[in-house]
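I opened my notebook and wrote down what I looked up, entry by entry. Here are the entries.

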Amino acid sequence: MTDKNNGGVFPLGDRTVRRLGYGAMQLAGPGVFGPPKDHDAALAVLREAVANGVDHIDTSDFYGPHVTNHLIREALHPYPDDLVIVTKVGAVRGDDASWIPALTPADLTQGVHDNLRNLGVDALDVVNLRVGGLHGPNDGSIEEQFTTLAELQRRGLIRHLGLSNVTSAQIAEGRRIAKVVCVQNHYNVAHRDDDALIDELAGQGIAYVPFFPLGGFTPLQSSTLSEVARRLGATPMQVALAWLLRRSPNILLIPGTSSLAHLRENLAAAELTLSDDVLSELDAVE
């Protein structure tokens, strides 16, 4: 793996993207709420990511809210032809920074229009339906919600659809309604509930995008990860990202940061080669 191709490529809708992308969530203020700590630094991170070959950015209008989409537009519009911007709908933010489900047809339609307006585009490349809560997927039908997005897709406002924070049953239900190009769930070297799902989706040519690839708001803490990183002269985060790139060819990564230094570290993870012995060590992390 080298930084030349950012860990390889994989189809995302009708485009092929580099597997190491960028997640914009951390550009918003603390708790993903309010403006960034450093507005100019946030713009610089976005521009540096694209300048270094990132062609897949993950965002949502409920980050901030509206903050990350405004930043992406300010930094990158008019967008490069090869840039795929993936967003998600299904929640809004309360005045107290709470995360509130917003899954009625009216909510979802409003969410799509908010993303269109704040990103400054006529059609959204990919829209993920966010289903579950902060503690993981919820059971239940997504027929009404995904049908709403499929209708907006037919109207030309969305090019491709995906699912976020969902169960295998919900993915199957969604695929009966419309084509699903990606699934975004919680997964990393220490949180591997979706192992079987990743392999299933790989066989179907569907991208799997792990959120919290580095552990979430609390970084991964693993003595094994730290020891492997020390031996390789890398950071634990770089090793965690490199493991994901090796885990399956359909995994697309969206590590987020508001720091140029951390961005460069994350992108350099594509250069890191993990031997089979190292992979076996990391596979045993719990």
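**Entry: the largest cavity.** I sorted the lining of the largest cavity by class and got 3 nonpolar, 1 polar and 4 charged residues. The model I am reading is predicted. Which residues line the largest cavity? I listed Leu-12, Asp-14, Arg-15, Val-84, Asp-125, Val-126, Arg-159 and His-160. Two elements give two or more residues to this lining: β8 and β9, the latter spanning 158–164. I looked up the volume as well, and about 30 Å³ of space lies in the largest cavity. How many cavities of 30 Å³ or more does the structure hold? I found 1.

**Entry: the second largest pocket.** Next I turned to a pocket. The second largest pocket has about 260 Å³ of space. It is lined by 17 residues, and the closest to its centre are Tyr-79, Val-121, Ala-123, Asp-125 and Arg-159. Which element gives the largest share of the pocket lining? I wrote down β8, with 3 residues. Both β5 (84–89) and β8 (124–130) supply at least two lining residues each. By class, I noted 9 nonpolar, 3 polar and 5 charged residues in the lining of this pocket.

**Entry: how I describe helix pairs.** I reminded myself that two packed helices are described by the angle between their axes and the distance between the axes.

**Entry: α1 and α9.** Helix α1 covers residues 39–51, and helix α9 covers residues 260–268. They pack at an angle of about 25 degrees, and their axes are 10 Å apart. Why do I call α1 and α9 roughly parallel? Angles under 35 degrees count as roughly parallel, so α1 and α9 fall under that label. The crossing of α1 past α9 is right-handed. On the α1 side I found Ala-44, Val-45, Glu-48 and Ala-49 in the contact. On the α9 side I found Leu-260, Leu-263 and Arg-264. I counted classes in this contact: 5 nonpolar, no polar and 2 charged residues.

**Entry: α1 and α2.** I stayed with α1 and looked at its contact with α2. What is the angle at which the axes of α1 and α2 cross? I read roughly 65 degrees, and the axes come within 9 Å. This crossing is right-handed. From α1, the residues that meet α2 are His-39, Ala-42, Leu-43, Leu-46, Arg-47 and Val-50. From α2, I wrote down Leu-71, Ile-72, Glu-74, Ala-75 and Leu-76. The contact divides into 8 nonpolar, 1 polar and 2 charged residues.

**Entry: α4 and α5.** Is the crossing of α4 and α5 left-handed or right-handed? I noted right-handed. In α4, Glu-143, Phe-146, Thr-147 and Ala-150 take part in the contact. They meet Glu-173, Gly-174 and Ile-177 in α5. By class, the contact of α4 with α5 has 3 nonpolar, 2 polar and 2 charged residues.

**Entry: backbone details.** I then checked the backbone. Most residues other than glycine have a negative phi, and most peptide bonds are trans. I looked for exceptions. Where is Val-32? I found Val-32 in the loop between β3 (22–23) and α1. Its phi is near 60 degrees, a positive value in a residue other than glycine.

I also looked up peptide bonds at two prolines. The bond from Gly-64 to Pro-65 is cis, with omega near -5 degrees. Pro-65 lies in the loop between β4 (56–58) and α2 (67–76). Another cis peptide bond joins His-77 and Pro-78. Here omega is about 0 degrees. I placed Pro-78 in the loop between α2 and β5.

Terms used:
Residues numbered from 1 in each chain as written. Predicted model: local features only at pLDDT ≥ 70, side-chain atom pairs only at ≥ 80, totals over all residues. Heavy atoms only, no water. 1 Å grid on protein atoms, 1.4 Å probe; cavity = no way out; pocket = protein on both sides within 12 Å on 5 of 7 lines; lining within 4 Å. Points joined across faces, edges and corners; volume = space filled by probe spheres on them. Helix = DSSP H or I, 4+ residues; strand = E, 2+ residues; numbered from the N terminus. Nonpolar A, V, L, I, M, F, W, Y, C, P; charged D, E, K, R; others polar. Axes fitted to C-alpha atoms, helices over the stretch in contact; angles between N-to-C directions. Parallel < 35°, antiparallel > 145°, perpendicular 65-115°, else oblique. Left-handed = near helix turned anticlockwise from the far one by under 90°. Contact = heavy atoms within 4.5 Å.
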